[in-house]
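Thanks for coming, everyone. I'll walk through one model this morning. Here it is on the screen.

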Amino acid sequence: MAEDTESRNDIYTKDGTVDYRGNPANKKQTGTWRACPFILGNECCERLAYYGMSSNLYLYFKNQLNQHTATASRNLSNWSGTCYIMPLVGAFLADSYLGRYWTIASFSIIYVVGMSLLTLSASVPGMKPTCSKTNKDDCTATKNQTLICFVSLYLVALGTGGIKPCVSSFGADQFDDADEIERNHKGSFFNWFYFSINIGALVASSLLVWIQVNIGWSWGFGIPAVAMAIAVVSFFTGTRIYRYQKPGGSPLTRLCQVLVASIRKFRVPLPADKSQLYEAADEMKSAIVGSRKLDHTKGLSFFDKAAVETELDDNKGCVSPWKLCTVTQVEELKIILRLLPIWATGIVFSAVYSQMGNLFVSQATLMNTNMGPHFQIPEAALSVFDTISVIFWVPVYDKMIVPLARKFTRHKNGLTQLQRIGVGLFISIFAMVCAAFLEIIRLKTARRHNLYGEKDIVPISVFWQVPQYFIIGCAEVFANIGTLEFFYEQAPDSMRSLCSALALTTGALGSYFSSLLVLIVTRTTTKHGKSPGWIPDNLNIGHLDYFFWLLAGLSVVNLGVFILVAKMYTNKKAVGTLR
């Protein structure tokens with residue numbers, strides 16, 4: 001009888017996941033790699049839509065909406081930043097109320113609406129900018145036309161905010177944390193998840209950018225809109241075989257309860273024996289839905305006061321969570337606070353990454369883009385080499401670097417997640433160094449040929465930009481994938497979407513930081529109008545190389561800070577089973 005019970009228990013997952021009917025998830029019928037093609041297919045199509053729209057957006061702002069270089073750069077950075085800050089909204093709804101599946105589904109609809117409106121804004125007379133009959137890049141846009149464009153773009157930002165923090169976590173949920181074999185597949189899932197992102201980006205930054213430049217923006221935006229619709233269909237197709245984590249209530253409320261309770265008890269002494277701190281009655285199960293218990297850790301001991309029981313905590317047989325919190329709740333707050341320094345070091349890296357769709361494109365506009373006598377490569381299409389780099393490095397990392405590193409480190413993943421992030425930050429420095437050296441050579445060549453005009457093309461092939469794109473792609477495989485996996489693994493079980501969103505917000509702050517740097521540099525270097533500055537509309541009389549050197553220097557400092565905070569980091573300690 002005991003054997004039958006044990007055998008029955010082996011059929012179902014032990015991490016709290018359920019099937020689409022709300023029953024315990026059957027390990028043989030749901031989840032694992034069988035569910036991943038639908039999730040990875042969704043991500044591939046969604047990223048094709050996103051990058052198909054955003055890769056060339058800088059030139060759309062300049063040529064179609066007739067915006068100045070610095071204005072277009074700031075608008076792109078601000079929009080990109082919003083795309084990476086909105087995941088906090090989607091993550092909160094997913095962890096608290098809707099669950100990851102329904103959050104992805106509902107925000108996908110908003111995404112499709114935004115993409116459709118953007119297509120109309122570039123297609124319908126009266127809604128689209130008015131362009132010269134002889135030069136399609138000589139356009140003007142009214143305030144209303146610009147408004148419609150930005151409304152559609154920010155609808156897309158809202159839509160992607162619900163999808164981005166949930167898809168990677170939802171995919172990782174398909175592997176049972178309590179099953180050693182399935183748990184070991186999670187690292188590979190994050191690698192192939194990022195691989196699928198870049199397959200979509202590859203098509204977007206090559207074919208779709210070419211369509212936008214040579215055929216028209218209506219097709220260039222319309223195809224991504226169709227891709228997004230396909231992404232939604234792909235996602236719904238796997239509904240019956242997915243595993244679902246139940247939402248555990250508002251994580252922000254629990255964090256606030258710990259803050260309030262610890263402040264109320266700031267005079268209460270901590271017990272010498274930390275086992276006396278308050279925890280749920282069940283020795284193995286947490287009181288929080290969808291979360292394992294967390295063991296007490298040293299450090300940040302002020303917040304332990306929230307879990308100290310006093311006579312005043314019991315009010316007529318009812319304990320208020322605003323006066324007394326469990327150790328697990330306290331540890332949730334500690335985890336978030338410990339993640340913040342790691343998170344902050346991702347901002348400079350994201351600022352470097354954002355240059356691919358921004359000032360790298362601006363640099364390329366004054367270089368030779370000819371490929372033979374009858375074909376010109378679109379400037380934004382150079383980002384395809386970042387994508388190719390990622391597609392190259394993901395399998396190399398998964399199949400070659402990990403086994404090789406494992407022999408030296410004895411770590412199951414070859415490198416720890418923090419080591420992997422650090423390597424990525426180090427590599428990213430060289431991308432800015434390459435970009436700076438190329439700009440120095442470009443400016444010297446321009447002066448040698450007396451090319452000082454705003455549209456004078458310098459006789460240097462745009463393909464000299466390939467190294468800086470390729471290096472960023474390599475850095476992504478280490479830093480971005482490592483960050484995704486690190487934040488998922490270190491997050492409390494019921495806050496994984498929120499922590500994934502937190503990781504993504506570095507992209508937002510990186511874009512905002514880049515925008516702020518451009519603003520500061522522009523105002524500082526053009527003071528009193530005596531100098532064109534580092535980043536004028538006419539880059540042939542500017543010093544874009546100085547800006548790249550500035551980012552390289554900030555990246556060096558950032559790497560040093562990361563090494564310090566990584567050494568001090570304390571890993572979470574999960575115990576027991578999920579409720």
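One term first: buried means under 20% relative accessible area, exposed means over 50%, and partly exposed is in between, with a 1.4 Å probe and protein chains only. This is a predicted model, where local features need pLDDT of at least 70, side-chain atom pairs count only at pLDDT 80 or more, and totals for chains, interfaces and linings use all residues. Residues are numbered from 1 along each chain as its sequence is written, and side-chain values use heavy atoms, with hydrogens and water left out.

Cysteines, then. A disulfide here is a pair of cysteine sulfur atoms within 2.5 Å. By that rule the count is 0 disulfides. Take cysteine 44: it is in no disulfide, and the nearest cysteine sulfur, in cysteine 45, is 5.5 Å away. Cysteine 44 counts as buried, at 18% relative accessibility.

Helices are DSSP runs (H or I, at least four residues), strands are runs of E of at least two, and both are numbered from the N terminus. Helix α6 covers residues 143–172. The expected span of a helix is 1.5 Å times one less than its number of residues. With 30 residues, α6 reaches 44 Å from its first C-alpha to its last, close to the 44 Å expected. Yet α6 bends by about 30 degrees at cysteine 166. A bend at a residue is the angle between axes fitted to the seven residues ending there and the seven starting there. In α6, 22 of the 30 residues are buried, so the helix is largely enclosed by the rest of the structure.

Now α15. Its 25 residues should span 36 Å, and the end C-alpha atoms are 35 Å apart, which agrees. α15 bends by about 35 degrees at glutamate 476. Of its 25 residues, 21 are buried, so α15 is largely enclosed by the rest of the structure.

Next, α13. There is a kink of about 50 degrees, centred on tyrosine 397. Tyrosine 397 is among the buried residues of α13, which also include Val394, Val396 and Asp398. Alanine 405 counts as buried, at 13% relative accessibility. Its C-alpha is 6.5 Å from that of leucine 415, 10 residues away in sequence. After α13 comes arginine 410, with a positive phi near 65 degrees.

Which other residues have a positive phi although they are not glycine? Threonine 32 has one of about 55 degrees. Threonine 32 lies in the loop between α1 (2–11) and α2 (36–54), and counts as buried at 15% relative accessibility. Asparagine 450 also has a phi of about 55 degrees. Asparagine 450 is in the loop between α14 and β7 (458–461), and is exposed, at 57%.

Valine 557, in helix α17 (544–568), is 212 residues from threonine 345 in sequence, but their C-alpha atoms are 9.8 Å apart. Valine 557 counts as exposed, at 54% relative accessibility.

On a 1 Å grid over the protein atoms alone, a cavity is a set of points where a 1.4 Å probe fits but cannot get out; a pocket is an open set with protein on both sides within 12 Å along at least five of seven lines; lining residues have an atom within 4 Å of a point. Grid points are joined across faces, edges and corners, and a volume is the space filled by probe spheres set on the points.

How many cavities of 30 Å³ or more does the structure hold? It holds 2. The largest cavity has a volume of about 900 Å³. It is lined by 46 residues, with Tyr51, Tyr84, Tyr194, Tyr353 and Asn480 nearest its centre.

The second largest pocket has a volume of about 780 Å³. Of its 32 lining residues, His411, Lys412, Asn413, Gln417 and Glu485 are closest to the centre. The elements giving two or more residues to this lining are α7 (180–214), α13 (384–409), α14 (417–448) and α15 (466–490).
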